[in-house]
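Q: Hi! I have a new structure open and could use a hand getting to know it. Can we go through it together?

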Amino acid sequence: FDPVLSVFDINLNSPNKGLGPAGGVDSLTEGGAMGVAAANTLPPGLTEEEAEELYSDLAKVEEEINTLRQVLLAKEKHSAELKRKLGLSPLNELKQNLTKGWQDVQTSNAYKKTSETLSVAGQKTTAAFSTMGTVLSRKLGDMSMPISRSFKT
């Protein structure tokens, strides 16, 4: 029997996990005693009494963790049932989240400023291309006259 393994070999579904069959900390080893010092597993500076207290605290914390897991599982099941009754599927939830996120983006000041800046930039770019097109048309027109004359002769 290894007292160290018995502490870590815990059934998470047991209401007395980590406490042994009798439910007490002293039942962790054969004979009812912790036997920590006998197994030479005490860290330096830790007394057997301190180790027993730590094992007791560990058992309590693990029990609380187990309880929280059970509560969380029950809440998740309840949430899934409510969503099922409301007709909410994961795809519908994703669509709603994306829609809400997009609406949040559109109402943000940063989006408005960016949108205005891009609009102005687009207008200026359009004007620049228009001007450039006019200039190119003139140049091509100027160049086409001598070419057309050379074909006529």
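Q: Is Asp-104 buried, partly exposed or exposed? What puts it there?
A: Asp-104 counts as partly exposed, because its relative accessibility is 41%. Keep in mind that this is a predicted model.

Q: What does Asp-104 form a salt bridge with?
A: Its partner is Lys-100, and the closest N and O atoms of the two are 3.2 Å apart. Lys-100 counts as partly exposed too, at 49% relative accessibility.

Q: Why would two side chains like that pair up?
A: Side chains of opposite charge can pair when their charged atoms come close.

Q: How are Asp-104 and Lys-100 placed in helix H3?
A: They are four residues apart in that helix, so about one helical turn separates them.

Q: How many salt bridges does the structure hold?
A: There are three salt bridges in the structure. Another joins the side chains of Glu-81 and Arg-84, at 2.5 Å from N to O.

Q: How far apart in helix H2 are Glu-81 and Arg-84?
A: They are three residues apart in H2, so here again the separation is about one helical turn. Glu-81 is partly exposed because its relative accessibility is 31%, whereas Arg-84 has 54% and therefore counts as exposed.

Q: And which residue does Glu-93 meet in a salt bridge?
A: Glu-93 meets Lys-83, with 3.3 Å between N and O. Glu-93 sits in helix H3 and Lys-83 in helix H2, so this pair ties together parts that are ten residues apart in sequence.

Q: Are those two buried, partly exposed or exposed?
A: Glu-93 is partly exposed, with a relative accessible area of 24%. Lys-83 is partly exposed as well, and its relative accessible area is 29%.

Q: Let's switch to H2 itself. Why does its span agree with what a helix should give?
A: H2 covers residues 48-86, which is 39 residues. At 1.5 Å a residue it should span 57 Å, and its end C-alpha atoms are 57 Å apart, so the two agree.

Q: Which residues in H2 are buried?
A: They are Ala-51, Tyr-55, Ser-56, Ala-59, Glu-62 and Asn-66.

Q: What follows H2?
A: Gly-87 does, and its phi is positive, near 75°.

Q: Where does UniProt place a "coiled-coil region"?
A: The UniProt record, an unreviewed entry, puts that feature at residues 51-78. In the model, this span is 100% helix and 0% strand, and its end C-alpha atoms lie 40 Å apart.

Q: New topic: which residues make the nonpolar surface patch?
A: Leu-91, Leu-94 and Leu-98 make it, and the patch comes to about 310 Å². Leu-98 is found in helix H3, which runs over residues 90-107. With 56% relative accessibility, Leu-98 counts as exposed, because the cut-off for that is over 50%.

Q: Zooming out, how many helices and strands does the protein chain have?
A: The chain has four helices and zero strands. Following the sequence, the pattern reads α-α-α-α.

Q: And how much of the chain is buried?
A: Of its 153 residues, 13% count as buried. The accessible surface of the chain is about 12100 Å², and carbon and sulfur atoms account for 62% of that.

Q: One last thing: what share of contacts between residues at least 6 apart in sequence join residues at least 24 apart?
A: For the protein chain, that share is 44%.

How values were computed: Residues are numbered from 1 along each chain as its sequence is written. This is a predicted model: local features need pLDDT of at least 70, side-chain atom pairs count only at pLDDT 80 or more; totals for chains, interfaces and linings use all residues. Side-chain values use heavy atoms; hydrogens and water are left out. Helices (H or I, at least four residues) and strands (E, at least two) are DSSP runs, numbered from the N terminus. The expected span of a helix is 1.5 Å times one less than its number of residues. Buried means under 20% relative accessible area, exposed over 50%, partly exposed in between (1.4 Å probe, protein chains only). Patches are made of residues with over 30% relative accessible area and no salt bridge: like charges are joined within 9 Å, nonpolar side chains (Val, Leu, Ile, Met, Phe, Trp, Tyr) within 5 Å. Accessible areas come from the Shrake-Rupley method with a 1.4 Å probe; for residues, only the protein chains shown count as cover. A salt bridge is a side-chain nitrogen of Lys or Arg within 4 Å of a carboxyl oxygen of Asp or Glu. UniProt positions are given in the numbering used here, feature names are shortened, and annotations may be inferred rather than shown by experiment. Contact means heavy atoms within 4.5 Å.
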